[in-house]
Amino acid sequence: MICDIFFLLLIFIFTGSPSQEKGDSSKTKLKAEADVSLNSNGVASIPAFSLGKPAIISSVSLTRNRFSYDPVLAYGLNLKPWFIDNWLHYRIIRKPAFELRTGVNFSTFFTDFKLTDESILRGDRYLAVELAATYNFRSNTSLTLMYWNDNGIEPGTISGHFIDLVAEKRDVKIGKSVLMSANVQLFVITYDGNNDGLFVSPKISFSLRDIPFALFWQGTQVLRSNIRPDPGFQWNIGLAYSL
């Protein structure tokens, strides 16, 4: 029932006739973007968690007016699904220097569930609510503060909070043809079952001008945590293709 309402809402948002912004086609036009990456260690949407083996992660963004639909699909190289995110965002404030948005996510995480003589793929559903504020110092420099309230739906799943502070610098020119982007995340997770921690996660990527490929590296270091076993330091490299 929830999924039916969700997809009916998407149809209304992205196919409904514009009313108040007819005069500016740039505001009512549907904007589509996509990204596919091959990762060595599969980092999740919350970088404290990873698949622990190579993964393929794809994301799509469909934006119209203040609404956007931003799904993410993640698979292992054996083509087993890892997680599916279905983010629906709404920009409450949309200014050149400042943006305030809210969002809701219907997601599914897949794990191998061991039986006596076999294993089955189990999907657990989650519902998350987001509030995020971004301040743009310049066209390529920003600071984002984001909060998620994440709730497991199935019995035995965990719920909690995710608070993330991200400083980002995009498209820095190195020479004539190389572009570098970098960000640093400082985030806190507080989840059921002693899954609490403070982490830092830097990410850096390099690309060539007018070529849609980028090579990136990301690390995640725990600063304080009661998670056992201690997640310690994790890193991931990958190749991304953007449309």
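Strand 5 contributes six residues to the lining of the second largest pocket, the most of any contributor. The model is predicted, and the points below are grouped by topic.

**The second largest pocket**

- The space in the second largest pocket amounts to about 800 Å³.
- Its lining consists of 34 residues, and those nearest the centre of the pocket are Phe49, Trp82, Phe109, Phe110 and Thr111.
- At least two lining residues come from each of strand 4 (81-94), strand 5 (98-114), strand 6 (119-138) and strand 7.
- Sorted by class, the lining comprises 16 nonpolar, eleven polar and seven charged residues.

- Because its relative accessible area is 15%, under the 20% cut-off, threonine 144 counts as buried.
- A polar contact of 2.9 Å links the side chain of threonine 144 to the side chain of threonine 134.
- When neighbours within four places in sequence are left aside, the residues in contact with threonine 144 are Ala133, Thr134, Asp164, Leu165 and Val166.

**Residues with positive phi**

- Most residues other than glycine have a negative phi.
- Aspartate 171, although not a glycine, has a positive phi of about 55°, and this residue is located in strand 8 (residues 160-174).
- Aspartate 171 has a relative accessibility of 48%, so it counts as partly exposed.
- Asparagine 194 is likewise not a glycine and has a positive phi, of about 60°; asparagine 194 is placed in the loop between strand 9 (178-191) and strand 10 (195-208).
- Asparagine 194 counts as exposed because its relative accessibility is 52%, over the 50% cut-off.

**A cis peptide bond**

- Most peptide bonds are trans.
- The bond joining arginine 228 and proline 229 is cis, with omega at about 0°.
- Proline 229 is situated in the loop between strand 11 (213-225) and strand 12 (233-242).

Notes
Residues numbered from 1 in each chain as written. Predicted model: local features only at pLDDT ≥ 70, side-chain atom pairs only at ≥ 80, totals over all residues. Heavy atoms only, no water. Helix = DSSP H or I, 4+ residues; strand = E, 2+ residues; numbered from the N terminus. Buried < 20%, exposed > 50% of the residue type's maximum accessible area, 1.4 Å probe, protein only. Polar contact = N/O pair within 3.5 Å; in protein donor to acceptor, adjacent residues only side chain to side chain. Contact = heavy atoms within 4.5 Å. 1 Å grid on protein atoms, 1.4 Å probe; cavity = no way out; pocket = protein on both sides within 12 Å on 5 of 7 lines; lining within 4 Å. Points joined across faces, edges and corners; volume = space filled by probe spheres on them. Nonpolar A, V, L, I, M, F, W, Y, C, P; charged D, E, K, R; others polar.
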